[in-house]
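Have a look at the model first, then read on.

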Amino acid sequence: MLIVAHRGDNENYPEQTKIAYQSAFEMGAGGVETDVRLTQCGELICIHDRFLNRVSDGSGKVSTCTMKDLEGVNFGTEECPQSVLTFRTFLEMATGYPDTHLFIETKHPSRYGVMLEEQIVRQLSYFGLLDSDRVHIISFSPVSINRIRRLAPRLDRIWLRQLRYLWANLAMERFGSPTGHGLFIGEAKINPDLIGRHSLPTYMYTVNDLDDVDWCRERGVKYLATDNIGKVIAHEQEKEEGPGSPRGDDPQAGQAG
């Protein structure tokens, strides 16, 4: 089971900042997940929300901001300020960790429509990643999944199911041709038969309880996204090596410093 740092090492650092991803890479995460949005000037940036307010000291819609507007906006803390992370910088960081998988979530709805997917594909192409098995496009948007299928058919496409949109789930399964399914842990525990549905690999999000980590592993989940990357990595190492090993007997083994 591949452990994915959801929004980087956001347990110890502000989410989707350069320092959060650097920590996750160095910690040995099997994968890192990022959300991507398009600014008014056409730059891809790594941010979850439509608005800046929650994750920075700025305000306003991401889609109406330019990179000049974002100059001086702090996405970190007073003690450790962080500038906005561009998708290009994220990919540059990833080149130093070629075994780490990249889970890229397209955020919709967006006023820029297909331009989001086009810009993502363009930058992935620049970094030589369009045919890479380590790149996974994930999205709640069936339209986005189909766009990626058309623009970059060799990329893995993981459809994030939404419990409240049964019709969309059924339509996506029949017509969307995803190459993987994403499940929220709460939905999966209610409907465990969804794991591995149609013989597709399952991406489980967001799993922070260690008992749930065990539950997912026992049921064949392939990718597990967590906000507690250090704790889960240490837990998985202990499970793999066993309590009789030196690392298994050391409760600090695998912990971040």
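Start with a pairing: F103 has H136 of β5 as its bridge partner. That contact belongs to strand β4 (residues 101-106), which pairs with β5 in the parallel sense over four bridges; strands count as paired if DSSP finds at least two bridges between them. Strands here are DSSP runs (E, at least two residues) and helices are runs too (H or I, at least four), numbered from the N terminus. To get from β4 to β5, the chain passes through helix α4 (residues 115-126), in a right-handed β-α-β crossover. Right-handed means that, with the strands pointing away from you, the path from the first strand over the helix to the second runs clockwise.

A word on the source: this is a predicted model, where local features need pLDDT of at least 70, side-chain atom pairs count only at pLDDT 80 or more, and totals for chains, interfaces and linings use all residues. Residues are numbered from 1 along each chain as its sequence is written, and side-chain values use heavy atoms, leaving out hydrogens and water.

H136 also has a partner in β6, namely D156. Strand β6 (residues 156-160) runs parallel to β5, joined by four bridges. Together with helix α5 (residues 142-151), β5 and β6 form a right-handed β-α-β unit.

So which way do the residues of β5 point? In a regular strand, side chains alternate between the two faces of the sheet. Here V135, I137 and S139 point one way, H136 and I138 the other, and all are buried (under 20% relative accessible area with a 1.4 Å probe, protein chains only; exposed is over 50%, partly exposed in between).
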